[in-house]
Amino acid sequence: MKYIRPALTLFILMTLITGLVYPLIVTAVAQAAFPHAANGSLITDHGKILGSTLIGQPTDSPEYFWSRPSGTSPYPDNATASGGSNLGPTNKALLDAIKGRVDALKKADPGQTGPVPTDLVTASASGVDPHISPEAAQYQAARIARVRHLAPDQVSLLIKKHTADSLLGVFGEAVVNVLELNLDLDRLKPADTSAQPVHN
């Protein structure tokens, strides 16, 4: 009992501190200082949750910008199963998947003859990346403009508006949040108002 009692007391004390007190303090500070981020960086519209700026949303609709492919299962961009495919660069399954993604992009926009940006055909390590490169967004701009009857400049300006530069111009790369871009895209009015785009 000489050793069991202090050990048991310390165990209970540390459990209360690290399992209850500390999480409550961190949660309270986060909710007070960063409520939007602490609650998942959710985007809402009239009380309806549209998604999170931290998690990608898959789409193959030609009137929307496509995000990075996802390697999560059992469905794409599954935040509860975040992770990459772990397929090597010479793996046939990966090469076949990339070829299929390139074919899908070409089918959606046959007039686009430029090189396909890598991030449009390869998944990120997390599998739920909400961003694409500005180059990947611009690659899709002509398709978006054509399908939605928008002026190309409208789409390009929208991409620039949603481009976040690298931190201090040094850390990371410039990225575009696809969900925010697509939501703003729905607010643009077609140049030809007689032809309205079809939405999901």
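Reply: The account below begins with the helix pair and then turns to the core and to individual loop residues.

This is a predicted model, in which local features need pLDDT of at least 70 and side-chain atom pairs count only at pLDDT 80 or more, while totals for chains, interfaces and linings use all residues. Residues are numbered from 1 along each chain as its sequence is written, and side-chain values use heavy atoms, with hydrogens and water left out.

Two packed helices are described by the angle between their axes and the distance between the axes. Here the axes of helix H4 (residues 134–148) and helix H5 (residues 152–161) come within 9 Å and cross at roughly 155°. H4 is therefore roughly antiparallel to H5. Helices are DSSP runs of H or I with at least four residues, strands are runs of E with at least two, and both are numbered from the N terminus. Axes are lines fitted to C-alpha atoms, for helices over the stretch in contact, and angles run from 0 to 180 degrees between N-to-C directions; those over 145 degrees count as roughly antiparallel. The crossing of H4 and H5 is right-handed, meaning that the near helix is turned clockwise from the far one by less than a right angle.

On the H4 side, the contact (heavy atoms within 4.5 Å) involves Pro134, Ala137, Gln138, Ala141, Ile144 and Ala145, which meet Pro152, Val155, Ser156 and Ile159 in H5. By class, this contact has 8 nonpolar, 2 polar and no charged residues. Ala, Val, Leu, Ile, Met, Phe, Trp, Tyr, Cys and Pro count as nonpolar, Asp, Glu, Lys and Arg as charged, and the others, Gly among them, as polar.

The largest nonpolar core has 21 residues, of which Phe65, Ile132, Val155 and Ile159 touch the most other members. H4 supplies the largest share of this core, 6 residues. Such a core is a set of buried Ala, Val, Leu, Ile, Met, Phe, Trp, Tyr and Cys residues joined through side-chain atoms within 4.5 Å, where buried means under 20% relative accessible area, exposed over 50%, and partly exposed in between (1.4 Å probe, protein chains only). Leaving aside residues up to four places away in sequence, Val155 touches Phe65, Ala141, Ile144, Ala145 and Leu150.

His149 lies in the loop between H4 and H5. Its phi is positive, about 60°, although His149 is not a glycine. With a relative accessible area of 32%, His149 is partly exposed.

Trp66 sits in the loop between strand S2 (48–52) and H3 and is buried, with a relative accessible area of 10%. Beyond residues up to four places away in sequence, Trp66 touches several residues, including Ile132, Gln140 and Arg143. Gln112 lies in the loop between H3 and strand S3 (131–132), and its relative accessible area of 17% makes Gln112 buried.

The loop between S2 and H3 also holds Pro74 and Asp77. The peptide bond from Ser73 to Pro74 is cis, with omega near 0°. Phi of Asp77 is near 55°, a positive value in a residue other than glycine, and Asp77 counts as buried at 8% relative accessibility. Most residues other than glycine have a negative phi, and most peptide bonds are trans.

Definitions and conventions. Angles under 35 degrees count as roughly parallel, over 145 as roughly antiparallel, 65 to 115 as roughly perpendicular and the rest as oblique.
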